[in-house]
Amino acid sequence: MSITAAALRELHRIHQQLAELRDRLERGPKQVRARESNVAQLEARLAEARDKAKQTQMGVDRKQLDLKAGEQKVVDLRVKLNAANSNREYQALLEQIAAAEMAGSVLSDEILEGLEKIDQHAVGVKDAEKTLAAGKQELDKARKTVEESAAAIHADVTRLEAELAQAEKALPSDLKADYQRVVRSKGADSLAAVEDGVCNGCGQQITLNMQNELKLSKLVFCKSCGRLLYLPTD
Ligand SMILES: [Zn+2]
């Protein structure tokens, strides 16, 4: 039983194209998943930015309440100061007022700083929102592209599988099992050309006897890698 080198070359071509298409089918969802994880990261970053802004705002609110309470305290102390009965009491109240005013001035500074921070955080939140929106857009685009190309790739796979079935008819029936075994284990690498007596698949020299058999269009498997061998030209 024999098979032409041309038929084997055709078989190899179909196997390689099928492998490439299946690889592309796998790559698409991987690209989508990468963008999905990017979006998840950007969402986390936005949540973090919003949380920071919220915490800072709450801190400022608290300090503003403290400031108001401090101001009220000073007012109350001044009332007491006016009613002071002794010099000692008067001095003590003056010190308390000075301390309360100092605390108020520290709080005022801190509030100003906090307000600046709030502005910065607002910018950070806006940036994070923008980046997230862009990331989502990219994800949508990737999903659409992958979906669209998947349909075309599936059609190509179907066509090539039919071509493969047709091309496999050229295989001698007594060697079909050997061929199928090597295809199962090596896929697109199940065939290899022989150039200058060397198997292109594994780089090993094949025997002169095998080379002669190839020239006689016999089915020859590489003894070191198991690939089905063929001549690159007639
Ligand atoms: Zn080999």
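**View 1. The open sheet of 4 strands, ordered β2-β1-β4-β3, has mixed pairing.** Strands are DSSP runs of E of at least two residues, helices are runs of H or I of at least four, and both are numbered from the N terminus; two strands pair if DSSP finds at least two bridges between them. The edges are taken by β2 (198-199) and β3 (220-221), each of which has a single partner strand, so one side of each is left without a neighbour in the sheet. This is a predicted model, in which local features need pLDDT of at least 70 and side-chain atom pairs count only at pLDDT 80 or more, while totals for chains, interfaces and linings use all residues. Residues are numbered from 1 along each chain as its sequence is written.

**View 2. Strand β1 (residues 191-195) and strand β4 (residues 228-230) run parallel and are joined by 3 bridges.** Along this pair, Ala-192 stands opposite Leu-229 of β4, and Ala-193 stands opposite Tyr-230 of β4.

**View 3. β1 and β2 pair in the antiparallel sense over 2 bridges.** Here Val-194 stands opposite Cys-199 in β2, and in the hairpin of the two strands, which has 2 residues between them, Asp-196 takes a positive phi near 50 degrees.

**View 4. Helix α1 (residues 5-82) and helix α2 (residues 87-168) have axes that come within 5 Å and cross at roughly 165 degrees.** Axes are lines fitted to C-alpha atoms, for helices over the stretch in contact, and angles run from 0 to 180 degrees between N-to-C directions. The two helices α1 and α2 are therefore roughly antiparallel to each other, a term that applies to angles over 145 degrees. The residues of the contact of α1 with α2 divide into 41 nonpolar, 18 polar and 24 charged, where Ala, Val, Leu, Ile, Met, Phe, Trp, Tyr, Cys and Pro count as nonpolar, Asp, Glu, Lys and Arg as charged, and the others, Gly among them, as polar.

**View 5. The domain assignment of the protein chain gives domain 1 (18-170) and domain 2 (171-234).** The bounds come from an automatic or database domain assignment, and the C-alpha centres of domain 1 and domain 2 lie 61 Å apart.

Conventions:
Angles under 35 degrees count as roughly parallel, over 145 as roughly antiparallel, 65 to 115 as roughly perpendicular and the rest as oblique.
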